[in-house]
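User: Can you walk me through a model I have open here?

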Amino acid sequence: MSVRLENVRKKIWKFSPLYFMMLPGLAYLLINNYLPMYGITIAFKDINFAKGIWGSDWNGMQNFKFLFSSSDAYLITRNTILYNAAFIVIGMTVGVGTAILLNEIKNKLAVKFYQSALLLPYLISMVLVSYLVYSLLSVNVGFMNKTILPALGIDPISWYNEPKYWPFILVFVNLWKGIGFSCVVFLAAIIGINKEYYEAAMLDGASKWQQIRKITIPLITPIVIMMMMLSIGRIFYSDFGLFYQVPMNSGALFSTTNVIDTYVFRALMQLGDIGMSAAAGLYQSVVGFILVILSNYAVRKFSKDNALF
Amino acid sequence: MKTKIKMLSMLLIGSMLLLSACSSNNNSSDAGATSDSSESSEPAGKPTELTVAFPIFSAQPKDMTLIEDALNKITIEKINVKVKLMPISFSNWMQQTNLMFSSGEKLDLMPTISNYNQAVVQGQLIPLDELLEKHGQGITSALDPAFLDAARVKGTIYGVPTLHEMASVNGITMKKEIVEKYQIDTSKLQTIEDLEDVLKTVKAGEPNMAPLLPSTIGASILNDYKTFDELSNFLGVLPSFDNDLKVVNHFETEEYAEQLKLMRKWYEEGLILQDASTNQTNPLDLVKSNRGFAFLLSAHPAALSEGAAGGVPMKTVAFSQPAVSTTSQITNTMWGITVNSKAPEKAMEFLNLMYSDKDIANVLIWGIEGKHYVVQSGNVIDFPEGVDASNSGYYLNAGWLFGNQFLSYVWNGTDPDLWEKVKAFNASATKSKALGFTFDPTPVKTEAAAIGNVITQYRLPLETGSVDPDKVLPKFIENLKAAGIDKVIAEKQKQLDEWTKAKQ
């Protein structure tokens, strides 16, 4: 017992410079991420500024009720999860695919060009994206209605009033915007793979397809899983800009564009009740946390090495 | 190591002390100087510092310190108060003021912009009755008692309405150039239905122009067309501003269904902007760029006097209905003293000056004479030479925001008798039977949140005619009921009954 304690003490002493270096980071984490967490109490309070946050009355789960009371509760939850699931699956597949393709291009200049071109949308604000989409889909002056559809002999479509097209539009916009970033991450992982594997494979007469399947993909699986876990943790959040700005807040589209974030925003815009917004945020993060733990557990089950923790 | 940290912290504490000592020194010398200069004024000692926040709708004005100095010259002498102005961009207004409340930051006075009731419910403002009696004679004499009473929440006043148009009448504003081109007889426009012929004429003559536009960005065509008292939030209204104080669901009324049918008809005939439900452009900009002709608005004297709104000459016509005052019109801009205030009495004294002192009103509203404006004749002012809206150091153009704009000058191009007209208009307006009633949504906030979503989902498409009301309106009503509108209406009726009883 005492020997072990002695060991621990020795270890701490040995690594003390490292611990010391950790201090600023820890302090940052504590001040920025943990201290504000006392705000969680707001979710359970009937906020009154005259009494202050601590002094306000507790009101139990009252603030959470509005999330589940309406008929929209099912709709927004379904939309949020399905969209995010689609984004994760499609985003990952296309991201990995593009990264592999980029890796195969031998002309350095061309690679740089494609990469920047792909990354550019990622850097554009959602508000601008929404106007780019608008210039395509506007009823009066949109490129689709004015040029493409007439050329194909199809009647103009009132895009912002027809919910059925929006799952495709939103998935496409999200892909177009996000692909550059995920592709860069995967490309970095691919470049990190030791070239000797490929040389050996080529000597054995492996085709390009075989190399990709047997070398590239298995070796970048950890990164893919990590990226996936991170997105699963945020599956209850949605890109507010994408779901609010891009459909131009059009009421007719709510059946396919309303997600938890936009619902909360719209519900509380007029009420301005910070207790209820805190409740919504807490609900999202708790569910996200549980999902991360569960998916990590699932990953652990069938491949321990790839689990995050 | 330990000693090093100790030394470091000592150094820090030392420097802090030094800094605070410096600043307090400054203060006292300041106070000394002022008391020297204003020997005659009776309130001696250090002036009380007040922080006054207000929203601005343009870029941050450059000359804030000059404005503060000009203000302080008056206020230190009169009430021994030093004012610190805190202009906050309107887009951050709610967030920033909420933050100031939750962190207990120094803030004495602020206006509530369309969220008076919420601010009261959340305890942001303090009761003013006693303070008004003690220090607020200027305010009580400037305001019609009925309007001040409209500020009562459960019998207590928490805010003072600014003096502006306290009533409105439904009307339409049209591009003057087009009105003249087609020789439109505006006297014939008595009701909203009369618009049809005008819109058709414009449609036929100007194919690229949308005849009728939404009232503002993100609003419907009918947004500003009110034949009912919305009783704070549209969920349960008083039709015809009376209805014997019986609250009904506006969206279920026959009248609403008729209006929607009209909108649908106009939309299908191309008389309404086709993008109306997703429009993101200010209607005035659409008019300016020849893409739109007219939009409905709540008209009042400032609008009816033929002005050039945003640089486009417009012709505004009021429909032949009486102008009506409702609580929301009065409580949309209310000055209140915040719970954070350490000196509520002084704050009230300053508020009183805002309502009664001509110089203070002019400094706050228009800035400094000779620098930000010059008097042209009488009470009409304009920019000094070489100054315009883009380079002026203080041009907020938001007189309605600062207490009593009736004390201030009017800008060149506006009717010099504007304030007299507004006063007469306010006095002549019919008062809604529920004037003074404010709905407190807290007991039904779960429902209100759900209903808020239903409203955004359906109201805009329906009221712009973008969807077929025969199919969609029943769904809208059904969803409202599912979200609990009946409960909200019952609660509102209950509060209204209590209010009526308390009034008698």
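This is a predicted model: local features need pLDDT of at least 70, side-chain atom pairs count only at pLDDT 80 or more; totals for chains, interfaces and linings use all residues.

User: Start with chain A. What is its secondary structure?
Analyst: Chain A has 15 helices and 2 strands. Its radius of gyration is 25 Å, well over the 19 Å that the globule rule gives for 309 residues, so chain A is more spread out than a compact globule.

User: What box do its C-alpha atoms fill?
Analyst: Roughly 75 × 70 × 35 Å along the principal axes. Of the 309 residues in chain A, 29% are buried.

User: Now the contact between the chains. How many residues of each are in it?
Analyst: On chain B, 36 residues are in contact with 34 residues of chain A. In chain B, α3 (90–102), α17 (445–463) and α18 (469–483) each supply at least two residues of the side that touches chain A.

User: Which helix gives the most?
Analyst: α17(B), with 13 residues.

User: And what is that side of chain B made of, by class?
Analyst: The side of chain B that touches chain A has 13 nonpolar, 20 polar and 3 charged residues.

User: Let's look at α18(B). Which of its residues are buried?
Analyst: Pro469(B), Leu473(B), Phe476(B), Asn479(B), Leu480(B) and Ala483(B) are buried. They cover an arc of only 130° around the axis, which puts them on the same side of α18(B).

User: Why would residues spaced like that line up?
Analyst: An α-helix has 3.6 residues a turn, so residues three or four places apart point the same way.

User: What's on the face turned away from the buried side of α18(B)?
Analyst: That face of α18(B) carries the exposed residues Asp470(B), Lys471(B), Pro474(B) and Glu478(B).

User: And what covers the buried ones?
Analyst: The cover over the buried residues of α18(B) includes α10 (254–268), α17 and α19 (485–503) of chain B.

User: What does Ile451(B) touch?
Analyst: Leaving out residues up to four places away in sequence, Ile451(B) touches Leu235(B), Leu480(B), Ala483(B), Gly484(B), Ile485(B) and Val488(B). Of these, Leu480(B) and Ala483(B) are among the buried residues of α18(B).

Definitions and conventions: Residues are numbered from 1 along each chain as its sequence is written. Chains are lettered from A and ligands numbered from 1 in the order in which they are written. Helices (H or I, at least four residues) and strands (E, at least two) are DSSP runs, numbered from the N terminus. The radius of gyration is taken over C-alpha atoms; the globule rule is 2.2 Å times the number of residues to the power 0.38. A residue is buried if 20 or more other C-beta atoms lie within 10 Å of its own, exposed if 12 or fewer, and partly exposed in between; C-beta atoms are placed from the backbone. Two residues are in contact if their C-beta atoms, placed from the backbone, lie within 7 Å. Ala, Val, Leu, Ile, Met, Phe, Trp, Tyr, Cys and Pro count as nonpolar, Asp, Glu, Lys and Arg as charged, and the others, Gly among them, as polar. The arc is that of the directions from the helix axis to the C-beta atoms.
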